[in-house]
Amino acid sequence: MSVISALRNETTSWYEASARQRIDALVDRGSLTEFVGPAARETSPHLAIFGLPTQLDDGIVVGEAALDGRAVLVAAQEGRFMGGAFGEVHGAKLVGLLRAARATRRDVLICFDTGGVRLQEANAGELAIAEIIRALVLARLAGVQVVGLIGGRAGCYGGGGLIAACCSTLIVTEQGRISVTGPEVIETNKGVEEFDSKDRAFVWRTMGGKHRYLIGGADRLVADSAAAFRAAAIGALSSPTVLDAGTLDAEQARLERRLARFGTAEDATEIWSALGIDPVDDLPALDESSFLARAGGKRESADGAR
Amino acid sequence: MERLTFTLAAAKQAGGLRQQAIIGVVASGNLEVMLERSAPSGTCTFEIETAAHGFGAVWEAVLNDFVARRAAGGLRITINDGGARPDTVALRLAQGVRLIEGDEA
Amino acid sequence: MKAWATQKATRAARIEAGSRYARGKAVAAADLPRFLDAVLRPGDRVCLEGDNQKQADLLATALADVDPAKIHDLHMVQSGVVLPAHLDIFEKGIARRLDYSYSGPQAARIARMLFSGQIELGAVHTYLELFARYFVDLTPNVALIAAVSADVAGNLYTGPNTEDTPTIVEATSFKGGLVIAQVKEIVDQVPRVDIPGDQVHFVVEAGKPFYVEPLFTRDPAAITETQILTAMLAIKGLYAPYGVRRLNHGIGFNTAAIELLLPTYGETLGLKGKVCTHWALNPHPTLIPAIEAGWVEQIHCFGSEVGMEDYIAARSDIFFTGLDGSLRSNRAFCQTAGLYACDMFIGSTLQIDLAGHSSTVTASRMAGFGGAPNMGSDPRGRRHSSEPWLKAGAEADPDTHPHLRRGRKLVVQIGETFGDQNVPLFVERLEALTLAEKLDLDLAPVMIYGDDVTHIVTEEGIANLLLCRDRDEREQAIRGIAGYTDIGRGRDRKMVERLRERGVIRRPEDLGIDPLDADRRLLAARSIKDLMLASGGLYRPPSRFRNW
């Protein structure tokens, strides 16, 4: 008998876990039924051309499961395989899952961990992003909740950042980063004066979960444990958000106000001060409960859209 | 990519009842190992795709030790390798056999 | 009539010459080159303080700027050759001969300069050996040292990084030599007196702290599953059966993994209070979770570690601290403690041969030695007993009468069979031999001699060399845990199996270690931030280790 099996979910770091470990710890124990699993050997048809190894699930696990007794659909990207990037098969699995969600009216949990689209299958990947967004929005219009969970090594970048913005609720950890363009790309295009991608504290201060939570880019901030994600996901599904024209108008107005208020800020810390948080310097060092105690009441909240 | 296949005698039958187990991810220096209970009893088959060319003899040595030390009879093992070191391969195989035995990890 | 006090006279002359650039004992940093020209003499034996952690960096730069026409042929006697300036001194012809211990970051350059004859090498020492020679035949004429602050009388405060300073000053000042200290600032009253002012002749205000390398910080995020497996083997296969309470750890990731497994895996084995209670060890951040969980009773330190200052000050029951609250470290005392009062040394290395000799030297890199050779050797002068020492002695020599049998220190090498860039840990022939031949050295730079090594741990298992009865058994025990390296694949399978039956080789499955436990979830901390949080915010890691 292994020692590790006796450890509870609280000790499973979301950041460290694999896609399979995340789903196992997120849903009710043993409730997952995987669709197009590894035994189907539905691997990428493109990677071999580049001399790259494939993975049996093409870097994403999709299936149906129960969350606190409620039937849901789940997906988890594997951030260590190809940086969690979207390819043809990978993308098709998520499109299929979201279409099934609309047809069966089951809520969806997506564990993002992605750098965006795979360069080696870029056209297929970009098309997949568009199809996913369409399927996601149609599912939401049909009343389905789509909850994004972000706290992996790769963060949620590129097309992944666009998909995340369409979700009903985003749950994030401090480690989880959300953006479209990544730090290295910004530095390459705009110069190190604009964005120093080597300054890790700066990257997390700008794109990390705490800042996204404070400016309404994410809705729930949790500690880096599978148990915390599970509790937050159960909470998110029991407080549904609506997607309609009114939601979008309200969010548009909020974003315009945000730009007017913070558009000239040089650093995230200036925004935190402007939000009335004091002091701000040690904010990144605080654990989640101290952080929420100090800053939780001063954040901006989104309107079910971002 | 280099593709390698081996069929080895494996005296000890794999324990437990799970039909399938998978462990590891394909990344630099890492690999995924999928075990399915679909080989004839007394043998263990391996289908390997590896990014590192020319290490057939090392693979054979690792796999021979594996079937000698662990209960691997009746298993069809599929490996996608991102250039893992032999010690990592040996560890994943040992973990895979423990997983298919049914220990909830 | 023979003069019997020439050294004192010489020192008085140096002080007089130097005083032209000083107010009292204080020398302005801008005057340093002229000041050094005045107090130094060609052929002087000079100790420029520097080890694997702290550096008298301002004085090193200034020494490299003196005029080689005036000051030349210096004989440098120092623990660490670490800063570029340490070697510039030789390149410029200011110094010629070198006796030292450690040269980690300059390993490649020092090898090139040795090959080209720019440096005349005395010897590469262990720390204690070099310190010992300061008092016998390598006593410095001039010592250039580093402290945090000084008062006008020259009393020095070294802060947590005292390290080599008392030893250097003792040897220099009491034998007619001149002591010059760089400090960050001159203050009215120092927080505590680490070096009395009457042993210090000049003080230079640097305006900034001396450089300290955070050498003992290992980021838990980089620990691999294979390293966790080796750590489990060590804990269950060595710490538990021998009951090792007093020990030293090396700085590698394998031992960092052991530290982080104590509160998790060690706890499940019921080892708390039974192992790892007393340490000769730098303040490793990775030991924080074990300290917080109550595993550790006390730790004496060679030096400090950047960012650990406040944590140490808040845990004075564990660490040695001064009246000011901060750590008092001392390399000479801690090395002695590691040699005589510890029952185990465990550390990593780069190469191990079939006799068990190990070395971190490669044909193009002369890294020198850290603390490993002193701590990783069996002290023949030991006369007190302990459970692990007696047990190891009995395994090595079962036939001698117990009252006449020496115990043995456990000297353990731990590592993965393949290291960085897939370089094998096990080799037929150490590259240290090639280097010794190229440089015509009397001795190859061997880190730990094979006859001192008691166990080798790899992911394939533990080889207990104490139980080997001849050279063949020893070789096959090493091959038997050498994995898929050429050495490992060259094993005699039948003999290895017999050694395993006798318990000379023990594999994870022999010890009941589940491969599924080779999982990072078993680490008590998985990131630098986890360590910071475990310390209650007292550990303040340097920025290069932060992402917050």
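**Figure 1. Contacts of A:Ala232 in a predicted model.** Leaving aside neighbours within four places in sequence, A:Ala232 is in contact with A:Ile171, A:Arg220 and A:Val222. The model shown here and in the other views is predicted. A:Ala232 belongs to helix 8 of chain A, residues 226-237. Around A:Ala232, 21 other C-beta atoms lie within 10 Å. A residue is buried when that count is 20 or more, so A:Ala232 is buried. A:Val147 is 85 residues away from A:Ala232 in sequence. In space, the two C-alpha atoms are 10.0 Å apart.

**Figure 2. Helix 2 and helix 3 of chain A.** Helix 2 of chain A covers residues 88-104, and helix 3 of chain A covers residues 122-141. Their axes come within 9 Å. The crossing angle is roughly 10°. Angles under 35 degrees count as roughly parallel, so helix 2 of chain A is roughly parallel to helix 3 of chain A. Helix 2 of chain A brings A:Glu88, A:Gly91, A:Ala92, A:Leu94, A:Val95, A:Leu98, A:Arg99, A:Ala101 and A:Arg102 to the contact. Helix 3 of chain A meets them with A:Ala124, A:Gly125, A:Ala128, A:Glu131, A:Ile132, A:Ala135, A:Leu136, A:Leu138 and A:Ala139. By class, the residues of this contact are twelve nonpolar, two polar and four charged.

**Figure 3. The contact between chain A and chain B.** Chain A gives 16 residues to this contact. Chain B gives 18 residues. The side of chain A that touches chain B holds eight nonpolar, six polar and two charged residues.

**Figure 4. The contact between chain B and chain C.** Here 14 residues of chain B are in contact with 16 residues of chain C. On the side of chain B, helix 1 (56-69) and helix 2 (86-101) each supply at least two residues. Helix 2 of chain B gives the most, with seven residues. The side of chain B that touches chain C divides into seven nonpolar, two polar and five charged residues.

**Figure 5. Domain 1 and domain 2 of chain C.** The domain assignment of chain C gives domain 1 (14-212) and domain 2 (220-532). Their C-alpha centres lie 33 Å apart. The contact takes 31 residues from domain 1 of chain C and 32 residues from domain 2 of chain C. Four elements of chain C give two or more residues to the domain 1 side: strand 6 (95-102), helix 5 (107-115), helix 6 (127-134) and helix 7 (165-173). Helix 5 of chain C provides the largest share of that side, six residues. By class, the domain 1 side has 16 nonpolar, ten polar and five charged residues.

**Figure 6. The largest nonpolar core.** This core has 280 residues. Those that touch the most other members are A:Val108, C:Leu63, C:Ala181, C:Ala234 and C:Leu261. Helix 8 of chain C, residues 225-242, contributes the largest share, ten residues. At least three residues of the core come from each of domain 1 (14-212) and domain 2 (220-532) of chain C. In soluble globular proteins, nonpolar side chains tend to be buried together.

**Figure 7. Contacts of C:Leu261.** C:Leu261 is one of the core residues that touch the most other members. Leaving aside neighbours within four places in sequence, C:Leu261 is in contact with C:Ala231, C:Met232, C:Ile235, C:Gly266, C:Leu522 and C:Leu523.

Technical notes:
Residues numbered from 1 in each chain as written. Chains lettered and ligands numbered in written order. Predicted model: local features only at pLDDT ≥ 70, side-chain atom pairs only at ≥ 80, totals over all residues. Axes fitted to C-alpha atoms, helices over the stretch in contact; angles between N-to-C directions. Parallel < 35°, antiparallel > 145°, perpendicular 65-115°, else oblique. Contact = placed C-beta atoms within 7 Å. Nonpolar A, V, L, I, M, F, W, Y, C, P; charged D, E, K, R; others polar. Core = buried A, V, L, I, M, F, W, Y, C linked by C-beta atoms within 7 Å. Buried ≥ 20, exposed ≤ 12 C-beta atoms within 10 Å, placed from the backbone. Domains from an automatic or database assignment.
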